[in-house]
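Here's a quick briefing to read alongside the model. Have the viewer open, and we'll go from a few individual residues out to the whole chain.

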Amino acid sequence: DVLAIIQRKTDGMLFIGTWGKGVYRRDPRAGEWEKFSRGIDSDYAYIRAMAQAHDGTLYAMDPRRRVYRLSPWEQGWQSLPSAGLPDVEARSLFVGQDGQLHMGFIAEGIYLFTGSSWARKGDLRTTVRAMDAGADGSLWAGTDGGVFRWKDGSWQNMNSPAQVSALEVNPHRPDEVVVGTANGQVYRYRG
């Protein structure tokens, strides 16, 4: 099963994260798929989510709280430290416009990578399934408890439907977000 797809901005290389078979990549010039999981734990190659930084650095995450980084110039994935992470399953991964890496968890909210460890981002205590950023730098979270927005150092409940499984911020209107719910509903919200 394919759970994550991402196209690297720097070279057009396509990467997919799979459930149980690690990561594969496809070079647009060669047109062939190849397994590309060097550095990822081969005993547990379940990739739940992937994210990309503006410089083309890719991140892959498995449900057991492991995050791997692939810089455009590296030939294999590097494991990031897991110090500070809660002992629950990870659900989502996101790199903000500022380059900061965020990971969402079951019932534990969002954690931010500090460069050597992870720290909780505010007091959000719900399952985070999706994240995106507004052009104004705000972070939006799609959660089991609805949509939340991180702005001015705290989480704001946007009073939206619960069980949000997908979320996309309008790049031209940072106060507008489209959300998809677990029961198949789609909403547009203006905050």
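In this predicted model, the side chains of T181 and N183 make a polar contact at 2.4 Å. T181 itself sits in strand β18, which covers residues 176-181.

**Around T181**
- Is T181 buried or exposed? Its relative accessible area is 9%, and because the cut-off for buried is under 20%, T181 counts as buried.
- Leaving out anything up to four places away in sequence, T181 touches P161, A162, Q163, V164, S165 and Y187.

**E108 and its partner**
- E108 is in the loop that links β10 (101-105) to β11 (109-113).
- Which side chain does E108 pair with in a polar contact of 3.1 Å? That would be R125.
- R125 also turns up among the residues E108 touches, once those up to four places away in sequence are set aside; the others are P86, V88, R120, L124 and T126.

**Positive phi values**
- As background, most residues other than glycine have a negative phi.
- A107 isn't a glycine, yet its phi is positive, at about 60°. You'll find A107 in the loop between β10 and β11, and with 41% relative accessibility it counts as partly exposed.
- D152 also has a positive phi without being a glycine, with a value near 55°. D152 belongs to the loop between β15 (146-151) and β16 (154-157).
- How accessible is D152? Its relative accessibility is 73%, so D152 counts as exposed, given that the cut-off for that is over 50%.

**The whole chain**
- The protein chain has 19 strands and 0 helices.
- Its radius of gyration is 16 Å, close to the 16 Å from the globule rule for 191 residues, so the chain is as compact as a globular protein of that length.
- Along the principal axes, the C-alpha atoms fill a box of roughly 45 × 35 × 30 Å.
- Of the 191 residues, 49% count as buried.
- Among contacts with a separation of 6 or more, 35% are between residues 24 or more positions apart.

**Surface and charge**
- The chain's accessible surface is about 9300 Å², and carbon and sulfur atoms hold 44% of that.
- There are 23 positive and 22 negative side chains, with the centres of the two sets 1 Å apart.

Notes:
Residues are numbered from 1 along each chain as its sequence is written. This is a predicted model: local features need pLDDT of at least 70, side-chain atom pairs count only at pLDDT 80 or more; totals for chains, interfaces and linings use all residues. Side-chain values use heavy atoms; hydrogens and water are left out. Helices (H or I, at least four residues) and strands (E, at least two) are DSSP runs, numbered from the N terminus. The radius of gyration is taken over C-alpha atoms; the globule rule is 2.2 Å times the number of residues to the power 0.38. Buried means under 20% relative accessible area, exposed over 50%, partly exposed in between (1.4 Å probe, protein chains only). Contact means heavy atoms within 4.5 Å. Accessible areas come from the Shrake-Rupley method with a 1.4 Å probe; for residues, only the protein chains shown count as cover. Lys and Arg count as positive and Asp and Glu as negative; His and the chain ends are not counted. The place of a charge is taken as NZ of Lys, CZ of Arg, CG of Asp or CD of Glu. A polar contact is a pair of N or O atoms within 3.5 Å; within protein, one must be able to donate a hydrogen and the other to accept it, and residues adjacent in sequence count only if both atoms are side-chain atoms.
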